[in-house]
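Hi everyone, thanks for coming. Let me put the structure up on the screen, and then I'll walk you through it.

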Amino acid sequence: SESGVPQLVQPMIWDYAADLDVEGKVHLIEKYRRCGFSKVWFASAFKGATGVNQSLTLIGHHLKNHLQWLKVARSSPADVLEGIALTGWQRYDHFSVLCELLPVAIPSLAVCLQALKNGGYSEKIKENVEKLLGMSNLETETFMR
């Protein structure tokens, strides 16, 4: 607190796990607040975070991650969350092959954005995403065909 850093920056908490530890993240936010940080950001991923050479996006993994982040947001003080960054990694490092190119991940991006916008995910939201994307069957627990 005495350094003045909390008045200059806002921490970003990164986690791409489908089963991220909600309670642990809430405790981390509390620690940041005790150190003087009034706002934090969350960082999730809609693609590119499940394998260095992953070629297709498993939507269900990313959807679960976003649903967990929504639980963290609901369990934290209302004024602490500044925003969430939806990352879409193209490769793990500059020497790695490309993973999950954007076109195959657009359905995942749409699902994740709609889940965040609506505060959850339901059959109605799934149907809305299918309509927006012109798809007849959005698969979240298997790879899209």
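**Salt bridges, cores and a surface patch**

Let's start in helix H4, where Lys126 and Glu130 are four residues apart and thus separated by about one helical turn. Helices here are DSSP runs of H or I with at least four residues, strands are E runs of at least two, and both are numbered from the N terminus. These two side chains form a salt bridge, with the closest N and O atoms 2.9 Å apart. By salt bridge I mean a side-chain nitrogen of Lys or Arg within 4 Å of a carboxyl oxygen of Asp or Glu. Both Lys126 and Glu130 are buried; that is under 20% relative accessible area, with exposed over 50% and partly exposed in between, using a 1.4 Å probe and protein chains only.

A word on the source: this is a predicted model, so local features need pLDDT of at least 70 and side-chain atom pairs count only at pLDDT 80 or more, while totals for chains, interfaces and linings use all residues. Residues are numbered from 1 along each chain as its sequence is written, and side-chain values use heavy atoms, without hydrogens or water.

How many salt bridges does the structure hold? Four. One of them joins Lys25 and Asp15 at 2.8 Å, N to O. Lys25 lies in helix H1 and Asp15 in the loop between E1 and H1, so this pair ties together parts 10 residues apart in sequence. Another links Glu141 and Lys64, at 3.5 Å between the closest N and O atoms. Because Glu141 is in the segment after H4 and Lys64 in helix H2, the parts tied together here are 77 residues apart in sequence.

Now the inside. The largest nonpolar core has 10 residues, among them Ile13, Phe42 and Trp69. Such a core is a set of buried Ala, Val, Leu, Ile, Met, Phe, Trp, Tyr and Cys residues joined through side-chain atoms within 4.5 Å. Helix H1 (22–34), strand E2 (40–47) and helix H2 (59–75) each supply at least two of its residues, and H1 gives the most, with three. A second, separate core has eight residues, including Leu63 and Ile125.

Finally, the surface. Leu102, Ile106, Leu132 and Leu133 form a nonpolar patch, with helices H3 (102–118) and H4 (123–133) each supplying at least two of its residues. Ile106, in helix H3, is partly exposed at 38% relative accessibility. Patches are made of residues with over 30% relative accessible area and no salt bridge, with like charges joined within 9 Å and nonpolar side chains (Val, Leu, Ile, Met, Phe, Trp, Tyr) within 5 Å.

Technical notes: Accessible areas come from the Shrake-Rupley method with a 1.4 Å probe; for residues, only the protein chains shown count as cover.
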